[in-house]
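User: I have a model open and want to go through it piece by piece. Can you start with a term I will need for helix ends?
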Amino acid sequence: MRKFTFAAIAAVAAMTFYSCGMGTPKANLKSDVDSVSYAIGMAQTQGLKDYLVGRLDIDTAYMDEFIKGLNEGANAGDDKKKAAYYAGIQIGQQISNQMVKGINHELFGDDSTKTISLKNFMAGFISGTTGKGGLMSVDSAQVVAQRLMKTIKENTMEKEFGPNKIAGEKFLAENAKKEGVKTLEGGVQYKVVKEGSGAIPADTSVVKVHYEGKTIDGKVFDSSYKRGEPTEFRCNQVIKGWTEVLTHMPAGSVWEVYIPQDKAYGARQQGEDIKPFSTLIFKIELIEVNPKKK
């Protein structure tokens with residue numbers, strides 16, 4: 001699950017204002033201290049307006065309100081009650097402008113008609129902050145959030161990319177009927193192009209392979225052959241379909257492998273060419289199991 005953290009708030013040095021008004025205090029530069037105070041205050045604003053607009057999403061039409069809040073904060077001194085209130089305002093605005101927007105995009109993509117419940121988000125956030133009245137612990141909330149975010153994201157992606165899933169299922173159903181095609185438990189299919197006689201790797205074995213991957217419409221998205229050299233990896237460090245195939249495949253073999261979307265990348269998009277719920281086809285040449293290091 002993506003972790004959302006609070007962006008650091010830019011520190012703006014503010015000298016004590018001699019006016020309690022909510023507008024711009026009138027400068028009165030009678031001494032060096034007066035002048036350095038004014039100069040420091042002015043210097044500290046370099047890049048501030050861009051920060052307010054670009055990072056905090058402040059509408060410059062409401063700069064008077066910003067100045068009002070700025071004056072209140074600067075004149076609060078070390079008042080702990082006011083400091084807590086202003087901190088709540090800052091974090092609350094980040095929740096609204098950054099966190100909720102980020103979570104919505106992760107869950108619902110570009111569908112701006114959908115959003116999480118701010119009321120329930122705040123109920124959980126406040127209970128977690130105060131440690132009172134929570135319906136679950138913070139640790140269990142992490143587990144629940146991860147599980148439900150995965151489910152919601154998959155449902156969102158399926159609405160957009162569901163045709164990929166249907167096309168893949170249709171392809172595999174027809175492919176299973178073809179001569180020479182065998183199906184492993186779990187749905188991965190393969191066809192032996194060349195039968196090897198070497199060792200069969202375990203899921204923890206390191207293998208050296210050549211391969212070419214393509215989508216069911218024939219578009220090649222990756223090839224070690226094109227790169228000119230085989231690759232090495234541990235069998236359990238790749239997609240599930242590869243692990244299942246390699247642990248049935250003798251070294252020296254060349255197989256054409258057909259991997260259902262749930263044994264490949266599922267609802268995730270991988271690069272530009274592998275869309276969510278894509279069934280994938282690979283030519284896999286198992287060259288060696290546990291190759292010796294040179």
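Analyst: A polar contact is a pair of N or O atoms within 3.5 Å. Keep in mind that this is a predicted model.

User: Okay, which residue caps the N-terminal end of H4?
Analyst: Asp79 does, with a side-chain oxygen 3.0 Å from the backbone nitrogen of Lys81.

User: What span should H4 have, and what does the model give?
Analyst: H4 covers residues 80-108, which is 29 residues, so at 1.5 Å a residue the helix should span 42 Å. The C-alpha atoms at its ends are 40 Å apart, which agrees.

User: Where does H4 bend?
Analyst: At Ile95, by about 40°. Ile95 is also one of the buried residues of H4, which include Met99, Ile103 and Phe108.

User: What do those buried residues pack against?
Analyst: Helix H5 (118-130) and helix H6 (138-175).

User: And what comes just after H4?
Analyst: Gly109, with a positive phi of about 60°.

User: New topic. How many residues are in the largest nonpolar core?
Analyst: It has 24, and Trp242 and Leu246 have the most contacts inside it. E7 gives the largest share, five residues.

User: What does Leu246 touch?
Analyst: Beyond four places in sequence, its partners include Phe233, Cys235, Ile284 and Leu286. Another core, of nine residues, lies apart from the largest one, and Met99, Ile103, Phe108 and Met149 are among its members.

User: Where does pLDDT stay under 50?
Analyst: Over residues 1-21. The chain averages 86, and 91% of the residues score at least 70.

Technical notes: Residues numbered from 1 in each chain as written. Predicted model: local features only at pLDDT ≥ 70, side-chain atom pairs only at ≥ 80, totals over all residues. Heavy atoms only, no water. Helix = DSSP H or I, 4+ residues; strand = E, 2+ residues; numbered from the N terminus. Expected span 1.5 Å × (residues − 1). Bend = angle between axes of the 7 residues up to and from the residue. Buried < 20%, exposed > 50% of the residue type's maximum accessible area, 1.4 Å probe, protein only. Contact = heavy atoms within 4.5 Å. Polar contact = N/O pair within 3.5 Å; in protein donor to acceptor, adjacent residues only side chain to side chain. pLDDT = per-residue confidence, 0-100. Core = buried A, V, L, I, M, F, W, Y, C linked by side-chain atoms within 4.5 Å.
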